Amino acid sequence: MPAESTGAFRRGFWALAPLWLGVVPFAAAYAITARSAGLSLIETQALSVLVFAGSAQFSAVGLFAVGTAGAEIVLTTFLLNVRHLLYGVSLGREFELARRERPVAAFFLTDEAFGVAAASKERSFRFLLGVELSLFTMWNLATLGGFVLGSALPDPERLGVDLIFPLAFLALLVPLVRTRAELVVALGSGVAAYVLARSLPGGLPILVTGIGGSLLGAYLTRNSPPDRTVRPDDAAREVA
Amino acid sequence: MSFWLTVAGMVAVTFGSRYAGLVRRTELSDFWVRFLHFVPIAVFASLVTPYLAGGRGEAGIRVAAAVVAALAAWRTRQLWVAIAVGIAVFWLLRIPF
């Protein structure tokens with residue numbers, strides 16, 4: 001690798017480092033939840049390596065715990081990750097990526113990496129890869145650490161480990177709610193999911209309210225111009 | 001086996017979303033941009049409420065802990081602070097007086 005490429009990769013890797021502090025506890029909380037849901041270390045780590053999407057992994061292990069069907073988990077994952085389309089469109093315009101570089105850049109693309117890459121002035125594939133692998137490395141190390149920590153806990157059930165799951169999604173939700181329409185969608189979806197979960201099994205309430213709530217939001221904001229500027233700071237803050 | 005089949009599906013839809021955006025040349029329509037903006041809000045909210053009460057008759061203190069955690073998330077915007085505060089309040093409220 002020429003010296004300049006190595007430098008760009010390294011700069012990318014360190015550009016994301018300030019976000020490690022937010023990512024490590026999230027990955028650890030995910031691993032602890034996965035462990036108490038009955039997943040093995042290999043299974044917990046495989047999700048972090050292969051799927052590499054915080055909120056989708058977290059929701060999947062929560063749904064595994066209550067015996068949700070695989071198809072519903074996959075659909076929930078799709079719903080949670082389809083926003084990456086927007087990041088891809090934005091990065092595809094900004095970065096000059098060769099055909100063979102695109103699948104690699106896409107595989108490791110996350111909210112945080114998009115936020116950091118879009119905010120920087122560098123536009124090389126090596127830099128982007130450095131940013132993306134910085135998060136990938138920390139996410140997977142913290143997954144491993146969290147799982148080991150989880151097995152050291154004497155009685156995770158009694159400690160209230162299953163409360164981490166709703167708390168994590170609450171903490172992800174709160175910073176996203178800024179406008180009236182966002183508040184209406186958040187409250188409406190929360191109430192609808194609670195009611196539906198009493199009659200519908202597993203992941204169905206999430207899918208129904210996820211789609212219904214998003215339709216409601218699109219309807220409520222139909223007269224305002226769509227916000228096409230994906231703000232990097234927001235994406236980075238999401239830590240999802 | 002069904003676990004790994006589910007993982008394969010998760011990988012497919014996640015990589016698909018990431019890759020499709022990167023190779024796409026045309027803009028999404030206004031409707032889809034608005035729709036996608038609300039997806040995380042609607043989905044995150046629906047992952048909170050059904051799992052808040054828990055199954056061991058501690059619904060009251062769990063909801064109270066979540067309210068404090070939400071305030072912490074609002075003030076600090078730090079995920080780990082919100083989770084730590086929520087768990088700490090839960091433990092405190094559990095102590096029998």
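## About the model

The structure is a predicted model, in which local features need pLDDT of at least 70 and side-chain atom pairs count only at pLDDT 80 or more, while totals for chains, interfaces and linings use all residues. Residues are numbered from 1 along each chain as its sequence is written, chains are lettered from A and ligands numbered from 1 in the order in which they are written, and side-chain values use heavy atoms, with hydrogens and water left out.

## Where the two chains meet

Let's start with the interface. Here 93 residues of chain A are in contact with 62 residues of chain B (contact means heavy atoms within 4.5 Å). The area buried between the two chains is about 7200 Å², and carbon and sulfur atoms give 75% of that area. Buried area is the accessible area, found with a 1.4 Å probe, that two parts lose on being put together, summed over both. Three residues, A:L163, A:L167 and A:R228, supply 9% of the area that chain A buries against chain B, more than any other three residues.

Across this interface there are 16 residue pairs in polar contact, both residues being at pLDDT 80 or more. A polar contact is a pair of N or O atoms within 3.5 Å; within protein, one must be able to donate a hydrogen and the other to accept it, and residues adjacent in sequence count only if both atoms are side-chain atoms. On the side of chain A that touches chain B, the largest share, 10 residues, comes from helix α11 (residues 164-173) of chain A. Helices are DSSP runs of H or I with at least four residues, and they are numbered from the N terminus. That side of chain A divides into 61 nonpolar, 20 polar and 12 charged residues. In this grouping Ala, Val, Leu, Ile, Met, Phe, Trp, Tyr, Cys and Pro count as nonpolar, Asp, Glu, Lys and Arg as charged, and the others, Gly among them, as polar.

## Salt bridges between and within chains

A salt bridge is a side-chain nitrogen of Lys or Arg within 4 Å of a carboxyl oxygen of Asp or Glu. The structure holds six salt bridges over all chains, and the count between chain A and chain B is two. One pairing is A:D162 with B:R62, whose closest N and O atoms are 3.2 Å apart. A:D162 lies in the loop between α10 (156-159) and α11 of chain A and B:R62 in helix α4 (residues 59-76) of chain B, so the pair joins two chains. B:R62 is buried, with a relative accessible area of 2%, whereas A:D162 is partly exposed at 25%. Buried means under 20% relative accessible area, exposed over 50%, and partly exposed in between, using a 1.4 Å probe and protein chains only.

Within chain B, the side chains of B:E58 and B:R94 meet in a salt bridge of 2.9 Å, N to O. B:E58 lies in the loop between α3 (49-52) and α4 and B:R94 in helix α5 (residues 79-94), so the pair ties together parts that are 36 residues apart in sequence. B:E58 is buried at 16%, and B:R94 is partly exposed at 22%. Salt bridges that share partners also join A:D162, B:R56 and B:R62 into one network.

A:E43 lies in helix α3 (residues 41-51) of chain A. A polar atom of the A:E43 side chain lies 3.0 Å from the backbone nitrogen of A:S40. Not counting residues up to four places away in sequence, A:E43 touches A:G38, B:F3 and B:W4.

A:E122 sits in the loop between α8 (111-119) and α9 (125-152) of chain A and is partly exposed at 23%. Its side chain makes a polar contact of 2.4 Å with the side chain of A:R11. The C-alpha atoms of A:E122 and A:R11 are separated by 9.4 Å, although the residues are 111 apart along the chain.

A:N140 is in helix α9 of chain A and is buried, with a relative accessible area of 10%. The side chains of A:N140 and A:Q45 make a polar contact of 3.0 Å.
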